[in-house]
Amino acid sequence: MPALNQAELVLVHSPLTGDLIWQPVADALRARGRTVSVPRLAGAFDSTGPYYPRLLDAVTGPLTAPLDETRPAPVVLAGHSGAGPLLPALRERLTQGRRRIAGTVYVDAQWPHPGASWLEAAPPQLARQLRELAENGSLPPWDTWFPEQMLIDEVPDPVLRERFRTGLPRLPLAYFEERAPHAVPDPDHARTAYLRLSPHYEETAMRAEAIGHRVLRRTSHHLSPLTDPEATADALEKLARRFAACPA
C-alpha cells in the first residue's frame, strides 16, 4: 500500500459555504508535506438543475486517474457540514475513475440521506424556515439563516469573517428539493470516520458511532476549520493514519 504521505486529501466544502472554510487546513496540511485538493463547488449552480451530478463532477473531474497511471495515489475524502450527503456518491465516482478511497471523514457533517431531498432529511422546523426564506426560488446566504451573533462568536476576526461571508452563495431552493443519489456510506467501518467539532452535531456523531464508525470528538465549533486549522489538520491526520493502517 502507498505510504500515507502519498495519499491525497480531498477537502470538500458544503455547497452552502465557499471553499475558504477549508483553505487554512489545506495550507497547514501542505506545510506538513501532504497532497491536498480543495474543489470549488460554486459553478455547479450556474444553471438550472439537476445539481447533484454537477456537484459530483466539480469534485471528481480533476481527480480521475489518467489511463496511463497504473497505481494512482489513494484518496482520503473529508466533507464538512452540508458536504456530508455528497460523500458516498463521490466515493463511488472516484472508485469508478480508478482512484482508491483510503477512507472517508464526515467533519461536523450531515449524515447522508440517499434517495431523499435535503428538505425531507432536515428537521421539520428548519425545512419550514427555508421555504419561508426563499424569494423567487432562491435562498439568502447561509449566514442570514441564524442570528448574526452566532457567526461573530465562531469567527471573531472581522476581516476573516467578512472574507467568509463574501464567499457564501445564494442557492436555489430546487437544490434542497432535489433527491440525493442513492449511494450509501462505505460499509467498511474501518474506512469511515466522523469528526465532531461542535456539540450541535453530537447527535449525528452518536448515530455514526452506533453503527460502528470511529468518532473523534473535538471541543470546538462548527467553523473551526477556518479559525483553528492546525487542530483540525491534526485530527484529520490522526484519522488518516488509521485508514493507512487498514488492509488494502
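Me: Contact here means heavy atoms within 4.5 Å of each other. With that in mind, which residues does Leu 236 touch?

Reply: Leaving out residues up to four places away in sequence, Leu 236 touches Leu 11, Trp 22, Val 25, Leu 29, Ala 78, Val 105, Val 107 and Leu 195. Bear in mind that this is a predicted model, where local features need pLDDT of at least 70 and side-chain atom pairs pLDDT 80 or more, while totals for chains, interfaces and linings use all residues. Residues are numbered from 1 along each chain as its sequence is written, and side-chain values use heavy atoms, with hydrogens and water left out.

Me: Why is Tyr 52 called buried?

Reply: Buried means under 20% relative accessible area (1.4 Å probe, protein chains only). Tyr 52 has 2%, so it counts as buried. Tyr 175 is buried too, at 1%.

Me: What makes Tyr 52 and Tyr 175 a tilted pair?

Reply: Rings of Phe, Tyr and Trp (its six-membered ring) pair if their centres lie within 6.5 Å; planes under 30 degrees apart are stacked, over 60 edge-to-face, and the rest tilted. Here the centres are 5.4 Å apart and the planes sit at 40 degrees, so the pair is tilted. It links distant parts of the chain: Tyr 52 is in helix H2 (residues 52-60) and Tyr 175 in helix H8 (residues 173-177), 123 residues apart. Helices are DSSP runs of H or I, at least four residues, numbered from the N terminus. The structure holds 13 aromatic pairs, and ring pairs join both tyrosines into a cluster that includes Trp 142, Trp 145 and Phe 176.

Me: How do you know that the lining of the second largest cavity has no polar or charged residues?

Reply: A cavity is a set of points on a 1 Å grid over the protein atoms alone where a 1.4 Å probe fits but cannot get out, and lining residues have an atom within 4 Å of a point. The lining is Leu 16, Leu 139, Pro 140, Pro 141, Trp 142, Trp 145, Pro 169, Leu 171 and Phe 176. Leu, Pro, Trp and Phe count as nonpolar, so the lining divides into nine nonpolar, no polar and no charged.

Definitions and conventions. Helix = DSSP H or I, 4+ residues; strand = E, 2+ residues; numbered from the N terminus. Buried < 20%, exposed > 50% of the residue type's maximum accessible area, 1.4 Å probe, protein only. 1 Å grid on protein atoms, 1.4 Å probe; cavity = no way out; pocket = protein on both sides within 12 Å on 5 of 7 lines; lining within 4 Å.
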